[in-house]
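Colleague: I would like to learn how to read a model like this one, feature by feature. Could we go through it together?

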Amino acid sequence: MSPDDLLGRAAAVAAGGPVEGSTSSGADVRVGVDLGTANCVLVVLSDERPVWVGSAGSGALRDGVVVDFAKATTTIRRLKNRAEEDLGLELRTAATAYPPCIPENDAKACTYVCETAGFDDVALVDEVSAAGRTLEVSDGVVVDVGGGSTGVGVFRGGELTALDDRAGGGHHLDLMLAGALDLPLEDAEPYKRAHPDEAFPILVPGLQRIAENVRALTVGHEDLPLHIAGGALMIAGAEKVLAKYLDRTVVTYPHALLITPLGIARSAERTPR
Ligand SMILES: Nc1ncnc2c1ncn2[C@@H]1O[C@H](COP(=O)(O)OP(=O)(O)OP(=O)(O)O)[C@@H](O)[C@H]1O
Ligand SMILES: [Mg+2]
């Protein structure tokens, strides 16, 4: 299944559309848990096909790091319970992910959240490698710009050769918008989505700052195209700002918010039913 096809199916499942997959006995079920700064997402794959996708804002993470353990756990437990009820099966194993380059203990916190939420066996991967698993990039740079952080992974010959991360994402764009329009911060996010044409010119310097971070994180790899994951660059025109600032090819995907969660699920152990 191509990345666009996989992402389209996942988006349809997330929107409550028909599920073309089975969780009947013999199917391989895999679960991914993305603990994001803006969104926590739980994905269930059955034989590679998305059969359940749910998300919730938790307010329990900052710049990709768990800052409220109890809130994060409650959010994941609720998503897990909903998935189990809808699918009529118990989900015991999962994979989860951390932003690259955070301290080891912060990364382990992601595992503990999932274990406390009720998973017995939790694999831990970094978010950028996970995004790379969805996009199946052989030679290119995978850039995951989420709510709080920008992660960058360099792939050559199908191998991940460099990995780095910086704070900066959609939340920082919201701060700029709130400041420029004199809006409360919580109103900046819905404004950005409802009025992209008005928001875009205000956000160009913030998008250039994200581009500058990507430049600094990919020195020596300027020959490779950029593949964009995460929600922060979903505002129309963002990819053109990056392409112009960096003078590089920028590849975008539909439903970019789901790239990392799907890749995390692909990183999980297969559990035959
Ligand atoms: N349609 C849209 N237009 C502009 N921005 C959007 C849109 N949809 C989502 N976003 C932005 O995407 C961000 C969330 O992206 P994503 O879900 O990838 O982040 P996350 O995984 O929660 O964060 P992180 O990976 O940094 O911990 C939010 O900051 C939000 O403003
Ligand atoms: Mg993310």
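Modeller: Start with what counts as an element: helices are DSSP runs of H or I with at least four residues, strands are runs of E with at least two, and both are numbered from the N terminus. Keep in mind that this is a predicted model.

Colleague: Which residue comes just after α2, and what phi does it take?

Modeller: G88 does, with a positive phi of about 70 degrees. Another helix can be read in the same way: α1 is followed by G16, whose phi is positive, near 90 degrees.

Colleague: Which residues have a positive phi although they are not glycine?

Modeller: The general idea is that most residues other than glycine have a negative phi. Here C101 has a positive phi of about 75 degrees and is not a glycine. H255 is also not a glycine, and its phi is positive at about 55 degrees.

Colleague: Where do C101 and H255 lie?

Modeller: C101 sits in the loop between β6 (93–98) and α3. H255 is in the loop between β12 (250–251) and α9.

Colleague: Are they buried or exposed?

Modeller: Count the other C-beta atoms within 10 Å: 20 or more means buried, 12 or fewer means exposed, and anything in between is partly exposed. C101 has 17, so it is partly exposed. H255 has 20 and therefore counts as buried.

Colleague: Which residues of α2 are buried?

Modeller: A72, T73, T75, I76, L79 and K80.

Colleague: What covers the buried residues of α2?

Modeller: The cover includes the strands β1 (28–35), β2 (40–46), β3 (49–56), β4 (61–62) and β5 (65–66), and the helix α3 (104–116).

Colleague: How many residues does α1 have, and how far does it reach?

Modeller: α1 has 12 residues and reaches 16 Å from first C-alpha to last, close to the 16 Å expected. Its buried residues are P3, L6, L7, R9, A10 and V13. Seen down the axis of α1, they fall within an arc of 160 degrees, so they line one face of the helix. D4 and D5, on the other side of α1, are exposed. The buried residues pack against β2, β3, α4 and α9.

Colleague: What does the domain assignment of the chain give?

Modeller: It gives domain 1 (3–131 + 258–272) and domain 2 (137–254). Their centres, taken over C-alpha atoms, are separated by 23 Å. In the contact between them, 20 residues of domain 1 meet 21 residues of domain 2. On the domain 1 side, α1 (3–14), α4 (127–135) and α9 (259–266) each supply at least two residues. By class, that side has 9 nonpolar, 6 polar and 5 charged residues.

Colleague: Where does ligand 1 lie relative to the domains?

Modeller: To place a ligand, ask which domains give residues to its shell. Both domain 1 and domain 2 do, so ligand 1 lies between them. It is surrounded by 23 residues, of which the closest are G36, T37, G146, G170 and G231. The elements that give two or more residues to this shell are α5 (170–181) and α6 (185–194). α6 gives the most, with 3 residues. By class, the shell divides into 6 nonpolar, 13 polar and 4 charged residues.

Colleague: Which residues does P225 contact, beyond its neighbours within four places in sequence?

Modeller: Contacts of this kind show what a loop residue meets from elsewhere in the chain. P225 lies in the loop between α7 (196–217) and β11 (226–229), and is in contact with G140, R248, T249 and V251. P225 and T249 are 24 residues apart in sequence, yet their C-alpha atoms are 4.9 Å apart. With 13 other C-beta atoms within 10 Å, P225 is partly exposed.

Technical notes. Residues numbered from 1 in each chain as written. Chains lettered and ligands numbered in written order. Predicted model: local features only at pLDDT ≥ 70, side-chain atom pairs only at ≥ 80, totals over all residues. Near = placed C-beta within 6 Å. Nonpolar A, V, L, I, M, F, W, Y, C, P; charged D, E, K, R; others polar. Domains from an automatic or database assignment. Contact = placed C-beta atoms within 7 Å. Expected span 1.5 Å × (residues − 1). Arc of directions from axis to C-beta.
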